[in-house]
Amino acid sequence: MSQHDTIFSKPLPSVSDFCFDQQVVEVFPDMINRSVPGYSSILQTLPQLVSRYAQKNTQLFDLGCSLGAATLAMRKGCENSDGCKIVAVDNSEPMIERAGLHLGGFKSQVPVELRCEDITDTVIENASVVVLNFTLQFVPPEKREAMIQRIYDGLTDGGVLLIAEKFRHADETMNNMLVDLHHDFKRANGYSELEISQKRAAIENVMKIDTLEAHEQRFQKVGFKHQTVWFQCFNFAAMLAVK
């Protein structure tokens, strides 16, 4: 059972950079559902997308799997694709340990391999589906194109990259409006002004967000044939790119 997120509820003498440690693991489901608009809708749609694009006898990757919520959705979507295997990767050992417990609570014929490693080191091969669910934004900007290129190179023909990210609007006025709407969303979910402020300070050095245009240009540059934004809520979007 997830605990209520109170990590930033009291004034901190200094705000350290955000990290996915044991403290975050304990409250992560509550944190992400109260912080990311549309998160549940994205998860609910993943099985449909995976069912559409998963190919028999291929691998599916969940890069930055955290507690395995997307992995579970992917597993549901590829149960009718013979020979599929899911590789779920995260560089946080506490996240991987808890993901193992979470996945173990649900029966499935689809094997899942959990790996604790840096996703920039993960070998992508014979992949029909790769999921990056609010993960690329934590990869150093200078490594992102190479990351997407490695994913593209490891995809089968017709394989797909499913990526969800917080984004920055290219128009500053519109960006400020979307940020305000997001903060209103967090307030409506019970976060105080102190919590919003301290969380923003903690995450700004470790999460550098791109514009949607930057994502689109990156997809085109590495070779994807088709791409679209299939979901957006405020300054959060889910995108799909097909090889």
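Valine 131 stands opposite leucine 162 in S5. That strand covers residues 155–166 and pairs with S4 in the parallel sense over 6 bridges. Two strands count as a pair if DSSP finds at least two bridges between them. Strands and helices here are DSSP runs numbered from the N terminus: E of at least two residues for strands, H or I of at least four for helices.

A word on the model itself: it is predicted, so local features need pLDDT of at least 70 and side-chain atom pairs count only at pLDDT 80 or more, while totals for chains, interfaces and linings use all residues. Residues are numbered from 1 along each chain as its sequence is written, and side-chain values use heavy atoms, with hydrogens and water left out.

Now back to valine 131, which is also the bridge partner of aspartate 62.

| Strands | Sense | Bridges |
|---|---|---|
| S1 and S2 (residues 85–90) | parallel | 5 bridges |
| S1 and S4 (residues 127–133) | parallel | 4 bridges |
| S4 and S5 (residues 155–166) | parallel | 6 bridges |

Contact means heavy atoms within 4.5 Å. Angles run from 0 to 180 degrees between N-to-C directions, and axes are lines fitted to C-alpha atoms, for helices over the stretch in contact.

Let's zoom in on S1. Is this strand buried or exposed? 5 of the 5 residues of S1 (residues 59–63) are buried, so the strand is largely enclosed by the rest of the structure. Buried means under 20% relative accessible area (1.4 Å probe, protein chains only). Gln59, Phe61 and Leu63 lie on one side, with Leu60 and Asp62 on the other. Leucine 60 stands opposite isoleucine 86 in S2. From S1 the chain crosses through helix H3 (residues 69–77) to S2.

Lastly, two helices: H1 (residues 22–35) and H6 (residues 172–188) pack at about 130°, their axes 8 Å apart. Asn33, Arg34 and Ser35 in H1 meet His182, Phe185 and Lys186 in H6.

Note on methods
Buried < 20%, exposed > 50% of the residue type's maximum accessible area, 1.4 Å probe, protein only. Right-handed = clockwise from strand over helix to strand, strands pointing away.
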